[in-house]
Amino acid sequence: MTEPSWWAQRWIAALERMVDAERLRQGRWHARAGRVVQLVVSSGGAEARLEGGDATPRSVAIRLRELTASQWEQVLEEMAAWALFSAHLLNRHLPPEIEEVFETAGASLLPAPRRDATCRCTCSDSRHGPCKHIAAAWYVLGDRLDDDPFLLLTMRGRGRDQVLAGLRAHRRSAQTSRRHDSDTDPARWTDSTVALQAAARGNGLASAASLLSSETSVDTFWTAPDGTREFDPGESLADVADTPTEDAQAVKRLEVPPFWRSRLDFHEEMEKRYRAIAARAELCLGDSS
Ligand SMILES: [Zn+2]
């Protein structure tokens with residue numbers, strides 16, 4: 001069995017701070033026995049229903065404090081500044097730094113029980129504090145969060161789609177301001193990579209190719225240039241790609257690379273592949289716009 005994620009462990013640790021050992025034990029038993037027959041996560045928390053055996057059915061509500069709209073904007077802006085956040089999220093992984101991001105906005109992602117988590121159950125025992133039913137629902141929810149950390153964000157007020165759309169919007173506006181800076185500030189053009197990228201953005205790959213001077217060789221062309229940024233899966237392809245005006249123009253300026261083993265003509269083959277990629281990219285971009 002693999003170890004639970006750090007956020008699932010922290011989720012359970014929060015429960016253990018609230019509930020005594022005996023109720024935790026009973027809660028684990030109820031969870032394992034499948035007594036939690038329904039669990040619905042929504043903005044602000046989760047609702048669970050427990051049934052089974054001769055026991056009276058119970059309803060449990062777990063409430064977490066939602067972030068305000070301005071707190072969310074701050075969180076998304078911070079997260080968008082680091083491209084890997086989107087990649088981690090899409091991979092259903094929360095980087096530990098996410099907690100700092102929430103703290104900076106004066107909020108908390110995982111529950112701080114005495115401050116922002118409240119629980120209710122329909123049993124009489126819960127009048128004295130969290131009962132075994134609450135513990136059972138909390139454990140089952142922990143398993144769900146382990147698989148899908150977006151549920152944690154949902155309980156804090158923004159679902160998966162809203163978070164990803166927010167990240168895209170913040171990254172786009174950050175790119176727009178960076179683009180503006182690099183277009184107007186000649187000091188930024190000292191690095192040939194920056195110049196190449198700026199030309200590719202402004203005029204398409206054909207003019208980027210014209211910047212490939214004679215010092216460009218097959219040894220360096222097939223590696224990513226220094227400073228090439230990672231593509232963020234959360235952003236639109238349309239933000240980073242331009243359609244070239246001529247197929248494989250940059251490649252056609254190069255000699256046949258040493259790794260080319262085929263008897264087919266290298267430049268013709270590249271031209272075909274560039275055409276296919278461009279057609280596919282246009283389809284994708286068409287879909288996304
Ligand atoms: Zn109860």
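Analyst: In this predicted model, helix α2 passes helix α7 in a right-handed crossing.

User: Which residues of α2 and α7 meet, and how do they divide by class?

Analyst: From α2, Arg23, Leu24, Gln26, Gly27, Arg28, His30 and Ala31 take part; from α7, Lys132, His133, Ala135, Ala136, Tyr139 and Val140 do. By class, this contact has six nonpolar, four polar and three charged residues.

User: Why is α1 called roughly antiparallel to α7?

Analyst: The axes of α1 (residues 6-18) and α7 cross at roughly 170° and come within 9 Å. Angles over 145 degrees count as roughly antiparallel, so α1 is described in that way relative to α7. The crossing of α1 and α7 is right-handed.

User: Which residues form the contact of α1 with α7, and of what classes are they?

Analyst: Trp7, Ala8, Trp11, Ile12 and Leu15 in α1 meet Ala135, Trp138, Gly142, Leu145 and Asp146 in α7. These residues divide into eight nonpolar, one polar and one charged.

User: Why is Trp6 called partly exposed?

Analyst: Trp6, placed in helix α1, has 15 other C-beta atoms within 10 Å. A residue is buried at 20 or more and exposed at 12 or fewer; because 15 lies in between, Trp6 is partly exposed. The C-alpha atoms of Trp6 and Leu94 are separated by 8.6 Å, although these residues are 88 apart along the chain.

User: What does helix α7 contribute to the largest nonpolar core?

Analyst: The largest nonpolar core has 50 residues, and among those with the most contacts inside it are Val60, Ile62, Ala137 and Trp138. The largest share of this core, nine residues, comes from helix α7 (residues 132-147). Leaving aside residues up to four places away in sequence, Ala137 touches Val36, Leu39, Ala48, Val60 and Ile62.

User: How many helices and strands does the protein have, and what share of its residues is buried?

Analyst: The protein has 14 helices and four strands. Of its 289 residues, 28% count as buried.

Notes. Residues are numbered from 1 along each chain as its sequence is written. This is a predicted model: local features need pLDDT of at least 70, side-chain atom pairs count only at pLDDT 80 or more; totals for chains, interfaces and linings use all residues. A nonpolar core is a set of buried Ala, Val, Leu, Ile, Met, Phe, Trp, Tyr and Cys residues joined through C-beta atoms within 7 Å. Helices (H or I, at least four residues) and strands (E, at least two) are DSSP runs, numbered from the N terminus. Two residues are in contact if their C-beta atoms, placed from the backbone, lie within 7 Å. Axes are lines fitted to C-alpha atoms, for helices over the stretch in contact, and angles run from 0 to 180 degrees between N-to-C directions. Angles under 35 degrees count as roughly parallel, over 145 as roughly antiparallel, 65 to 115 as roughly perpendicular and the rest as oblique. A crossing is left-handed if the near helix is turned anticlockwise from the far one by less than a right angle, and right-handed if clockwise. Ala, Val, Leu, Ile, Met, Phe, Trp, Tyr, Cys and Pro count as nonpolar, Asp, Glu, Lys and Arg as charged, and the others, Gly among them, as polar.
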